[in-house]
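Please open the model in your viewer and keep the sequence panel beside it.

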Amino acid sequence: MNQETALEKAFAIVAIGGNAKGEAYEALAAAEEGRFDEADKALAQAEQDLVDAHNIQTEFIQRSAAGEDIPLAMIFVHAQDHLMCALEAQSLIGHLVAQAKRIDALERRVEALEGHDRG
C-alpha cells in the first residue's frame, strides 16, 4: 500500500467515524424527544457507518499481518482514535436510547393507571 492510498483510507476512517458519531448523537436527541423510530433509524445508520470504517481498519491489519509494508502517519493514529470514540459513543448511546424507551413506556403506564393524558 503506498502512502497516498494509506492516507486516503485513513481519512475515510475519520470521515465515516465522524458520521457515525453524529448519527448516534442524533439518535439520542430523537430518543429524548420520544421519536424512537427516528432514533432507531439513526442508530442503524451509525452501526452501518461503523461497519464500513471497521472494514477499512481490518484491511490495514490484514495487509500488515501478511507482511505488507503499511506506511503509517499521524493521521492514521488520529483515524484510529476517532473510530474508537465513535464506537464508544454509539455503544453508550444505544443503551441510553433503550433506557429512554423504557422510561417512556413506564410513564405511559403510570399515566394510564392515574387516568391522566400526556400533554
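Is Glu38 buried, partly exposed or exposed? Select Glu38 in this predicted model: its relative accessibility is 46%, so Glu38 counts as partly exposed.

Next, zoom out and colour the chain by secondary structure, which shows three helices and zero strands, in the order α-α-α along the sequence. The radius of gyration is 20 Å, well over the 14 Å that the globule rule gives for 119 residues, so the chain is more spread out than a compact globule.

Now select helix 3, residues 74-114, where Asp104 and Arg108 lie four residues apart, about one turn of the helix. Their side chains meet in a salt bridge of 2.8 Å, N to O. Asp104 counts as buried, because its relative accessibility of 12% is under the 20% cut-off, whereas Arg108, at 48%, counts as partly exposed.

For the last stop, select Lys9, Glu59, Arg63 and Glu68, which are linked in a network of salt bridges. Within this group, the closest N and O atoms of Glu68 and Arg63 are 3.3 Å apart; Glu68 is partly exposed at 29% relative accessibility, and Arg63 is partly exposed with a relative accessible area of 29%. The count for the model comes to seven salt bridges.

Technical notes:
Residues numbered from 1 in each chain as written. Predicted model: local features only at pLDDT ≥ 70, side-chain atom pairs only at ≥ 80, totals over all residues. Heavy atoms only, no water. Helix = DSSP H or I, 4+ residues; strand = E, 2+ residues; numbered from the N terminus. Rg over C-alpha atoms; globule rule 2.2 N^0.38 Å. Salt bridge = Lys/Arg side-chain N within 4 Å of Asp/Glu carboxyl O. Buried < 20%, exposed > 50% of the residue type's maximum accessible area, 1.4 Å probe, protein only.
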